[in-house]
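Here is my note for you on this structure, written as a few numbered points. Keep the picture open beside you and look up each residue as we come to it.

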Amino acid sequence: MTKKLFLKTPLAWRQLLKEKTRLAVAVAGITFADMLIFIQMGFESALFDAAIQPHRNLSADLVLINPQFNTLFSVKSFPRQKLYQALSYDGVESVNSVYIGTGQWRNPKTRIDRAILVWGIDPDQPGLKFPELQKNQNQLKALGHVMFDQAGRPEYGAVGDIFQKTGNFQTELNSKSVSVKGVFSNGASFAADGNVIASHSTFLNLFTNRKPEQIEVGLINVKPGTDIQRLQSQLQRGLNPNPQTPFVEVGTTEDFAQKEKNYWANGTGIGFIFGLGVLVGFIVGIVIVYQILYSDVSDHLPEYATLKAMGYTDNYLLIVLIQEALVLAILGYLPAFFLSFGLYELTFAATMLPISMKVDRAVTVFILTVIMCSISGAIALRKLRSADPADIF
């Protein structure tokens, strides 16, 4: 069976090579469709990766958040008292709190303000996994000292470059003077173009309307050997006497990240738009390959009729047609892969979004390409079935 299959392959290949212009057009069309799919899936993945990267950098086993939390861009507060109550539960080793707010960062060169996400942490227990923060946490203890996300948008100014040269960077945040005493790398997202880390004291000084007892994120570290899922259930019940109106929601850092991801995927039109782009690319590919295969079958209809007269079945001819479709899929996929790889790098440099080629995405697009071309071949078979041996006599 395998031997027969390979013996049929040259017929499909020779037919494609006979019309080189048509082959080039087909490959270009599939390449375009694949690139469209790659770009849509790449941007969607970058959106999710950038949106949940801060969540995964939280140093905690369990996280407390407001049940109405949707996204860091408009995070909700809850009473810090609930976090301290968690200390009374067996298995809880320590707790920590994080303030989150959106401030206005002033570029000292252009004097233009730009929104930036500000994180208020305890310098003695940072609660964030950035290695740069661990090395410079003492620098944040002084009022007005902050750390800046050097992977953010360039519109904030050449903060990273100036800091590396001078060891300091002076600007204004919420119209108050701040001094950059360290840099870290997190990256921009669709919700925030950059990030700043400050101490609790500096944060409350920047956001004067904030109440110290209201926090955005509670971090819980558990003792070794503790059943985290069981403790999570206990905290969820114990910290919310009335389940109908819960004060807090207890989950892991990954649960926290998934809430953010679900917001962008389902709570906004962005997820739908990217999904629609993938569907459009898929349909475009089907139409292009179908037109090529249909034209090929139409041009060689007498030859197909001759093969039928010689005893070849429709199944044999279908396999030839599917082989043509698969060859087109491979020839179109390869340039699309490399061109998309380059576009990802260009997009990263322009937007600072964490977009890159991933193995699972490359495999998924290839499978979609094969399915796309196979469907086209199956549709074009209707024309092939019309090849009547009697027509050639």
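This is a predicted model: local features need pLDDT of at least 70, side-chain atom pairs count only at pLDDT 80 or more; totals for chains, interfaces and linings use all residues.

1. Which residues of helix H5 (residues 159–166) are buried? They are Val159, Gly160 and Phe163. These residues span an arc of only 90 degrees around the axis, so they sit on the same side of H5. Asp161, Lys165 and Thr166 are exposed on the other side of the helix. An α-helix has 3.6 residues a turn, so residues three or four places apart point the same way.

2. What does the buried side of H5 pack against? Its partners are strand S3 (92–106), strand S5 (145–149), strand S6 (169–173) and strand S7 (176–184). After H5 comes glycine 167, and its phi is positive, near 80 degrees.

3. If we set aside neighbours within four places in sequence, phenylalanine 163 is in contact with Asn168, Val180, Lys181, Gly182 and Val183.

4. Next, please look at the aromatic rings. A pair of aromatic rings is described by the distance of the centres and the angle of the planes. How many aromatic pairs are there? The count comes to 14. Take tyrosine 99 and phenylalanine 203: their ring centres are 5.2 Å apart and their planes are at 10 degrees, so this pair is stacked. The pair links distant parts of the chain, since tyrosine 99 is in strand S3 and phenylalanine 203 is in helix H6 (residues 200–206), 104 residues apart. Tyrosine 99 and phenylalanine 203 are both buried.

5. Tryptophan 105 and phenylalanine 169 also form a stacked aromatic pair, with 6.5 Å from centre to centre and 10 degrees between the planes. Here, too, distant parts of the chain are linked: tryptophan 105 is in strand S3, phenylalanine 169 is in strand S6, and they are 64 residues apart. Are these residues buried or exposed? Both tryptophan 105 and phenylalanine 169 are buried. Elsewhere, look for the aromatic cluster formed by Phe38, Tyr333, Phe337, Phe338 and Phe366.

6. A nonpolar patch of about 860 Å² is made by Ile330, Leu334, Phe338, Val359, Val363, Phe366, Ile367, Ile371, Ile375 and Ile379. Which helices each supply at least two residues of this patch? Helix H11 (314–351) and helix H12 (359–385) do. H12 gives the most, with 7 residues. Valine 363 lies in H12, and this residue is partly exposed, with a relative accessible area of 43%.

7. Threonine 31 lies in helix H2 (residues 20–56). With a relative accessible area of 8%, threonine 31 is buried. Threonine 31 touches Gly332, Pro335, Ala336 and Leu339, not counting residues up to four places away in sequence. Threonine 313 lies in the loop between helix H10 (301–309) and H11. Threonine 313 is partly exposed, with a relative accessible area of 45%. Threonine 313 and glutamine 234 are 79 residues apart in sequence and 68 Å apart in space, C-alpha to C-alpha.

Technical notes
Residues are numbered from 1 along each chain as its sequence is written. Side-chain values use heavy atoms; hydrogens and water are left out. Buried means under 20% relative accessible area, exposed over 50%, partly exposed in between (1.4 Å probe, protein chains only). Helices (H or I, at least four residues) and strands (E, at least two) are DSSP runs, numbered from the N terminus. The arc is that of the directions from the helix axis to the C-beta atoms. Contact means heavy atoms within 4.5 Å. Patches are made of residues with over 30% relative accessible area and no salt bridge: like charges are joined within 9 Å, nonpolar side chains (Val, Leu, Ile, Met, Phe, Trp, Tyr) within 5 Å. Accessible areas come from the Shrake-Rupley method with a 1.4 Å probe; for residues, only the protein chains shown count as cover. A salt bridge is a side-chain nitrogen of Lys or Arg within 4 Å of a carboxyl oxygen of Asp or Glu. Rings of Phe, Tyr and Trp (its six-membered ring) pair if their centres lie within 6.5 Å; planes under 30 degrees apart count as stacked, over 60 as edge-to-face and the rest as tilted.
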